[in-house]
Every structure is written in C-alpha cells, then in structure tokens.
Amino acid sequence: MISTAFAMGATEGQAAGGLAGFLPIIILFAIFYFLLIRPQQKKAKEHREMISNLKKGNRIITSGGIFGTITSIDDTSIGLEIAEKVKIKVSRGNVAALVSESETAVKSEKK
C-alpha cells in the first residue's frame, strides 16, 4: 500500500515538472520570434512593397551594385539605363533599393 501511494505521488510531480520543462523552450521561441523572425518578415514585406511601387524614371540600385534609371517595367523584369544609350534588363527581384533624389544630387556635385 505504501508503494502504491508513492507511485501516485511521483506521477503528479512528473506532470508538473514536464510542463515546467517546456517553459524554457517556449521562452526561447518567443525571443527568436521577436528578435529574428519578425524583423526579417517586416523587411521582406517592405521590399515587396518597394518593388511593387516602382515607376518609370525611378533611380534604383540592383543587388549587384548597378545604379540605373528605370526605362521600362514588365511583370518579371525592369529595363535600366545605366549610362547614356546603354540599357540592360534585370529581374525585379534584383532591385536592392530606390536611390533618393538627395543622394543623386550629392553624387553629381562630387563629380
């Protein structure tokens, strides 16, 4: 009879310990979500919005580091003029950023 009571007490303690054992894993997942996953998703969303809002005449920089002015836009590609009468075609996904007008003015003043 004593061994039965001891066994019943051990199972109740293990149930509480099992739940407490998952608590650090849950906390680590929450930390990873707020420090890594959420900011990455936010940045990807901003990039998708930027790509969808591109217009003819915008100055951009590609992921390869090529600066250019948009001359044509297709569903999957963008035509860029990188120098006078020099045009290339790049994938929409390769657009890294829009170049602001103030950056363009500063670069032209340095020349």
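In what order do the five strands form an open sheet, and is the pairing parallel or antiparallel? The order is β4-β3-β2-β1-β5, and the pairing is antiparallel. Before we walk through it, a word on what you are looking at: this is a predicted model, in which local features need pLDDT of at least 70 and side-chain atom pairs count only at pLDDT 80 or more, while totals for chains, interfaces and linings use all residues. Residues are numbered from 1 along each chain as its sequence is written, and side-chain values use heavy atoms, with hydrogens and water left out.

Let us start with the overall plan. The protein has two helices and five strands, and from the N terminus its elements run α-β-β-β-β-β-α. Helices (H or I, at least four residues) and strands (E, at least two) are DSSP runs, numbered from the N terminus.

Now back to the sheet. Strands of a sheet pair through backbone hydrogen bonds, either parallel or antiparallel; here, two strands pair if DSSP finds at least two bridges between them.

Follow the chain through the hairpins next. β1 (residues 59-62) and β2 (residues 67-73) are antiparallel partners over three bridges, and Ile60 stands opposite Gly68 in β2. Four residues lie between these two strands, and Gly65 takes a positive phi near 90° in this hairpin. Gly64 is also found in the loop between β1 and β2. With a relative accessible area of 67%, Gly64 counts as exposed (over 50%; buried is under 20% and partly exposed in between, with a 1.4 Å probe and protein chains only). The C-alpha atom of Gly64 is 7.7 Å from that of Asn94, 30 residues apart along the chain. The hairpin of β2 and β3 has three residues between its strands; this antiparallel pair has four bridges, and Ser72 stands opposite Gly79 in β3.

What holds the nonpolar side chains together? In soluble globular proteins, nonpolar side chains tend to be buried together. The largest nonpolar core here has nine residues: Met50, Ile51, Leu54, Ile60, Ile70, Ile78, Leu80, Val90 and Val95. Such a core is a set of buried Ala, Val, Leu, Ile, Met, Phe, Trp, Tyr and Cys residues joined through side-chain atoms within 4.5 Å. α1 (2-52) and β3 (77-83) are the elements that give two or more residues to it. Beyond its neighbours within four places in sequence, Leu80 is in contact (heavy atoms within 4.5 Å) with residues including Ile60, Ile70, Ile88 and Val90. Across the protein, 15% of the 111 residues count as buried.

Finally, look at the one aromatic pair in the structure. The ring centres of Tyr33 and Phe34 are 5.1 Å apart and their planes stand at 80°, so the pair is edge-to-face. Rings of Phe, Tyr and Trp (its six-membered ring) pair if their centres lie within 6.5 Å; planes under 30 degrees apart count as stacked, over 60 as edge-to-face and the rest as tilted. Tyr33 is partly exposed, at 30% relative accessibility.
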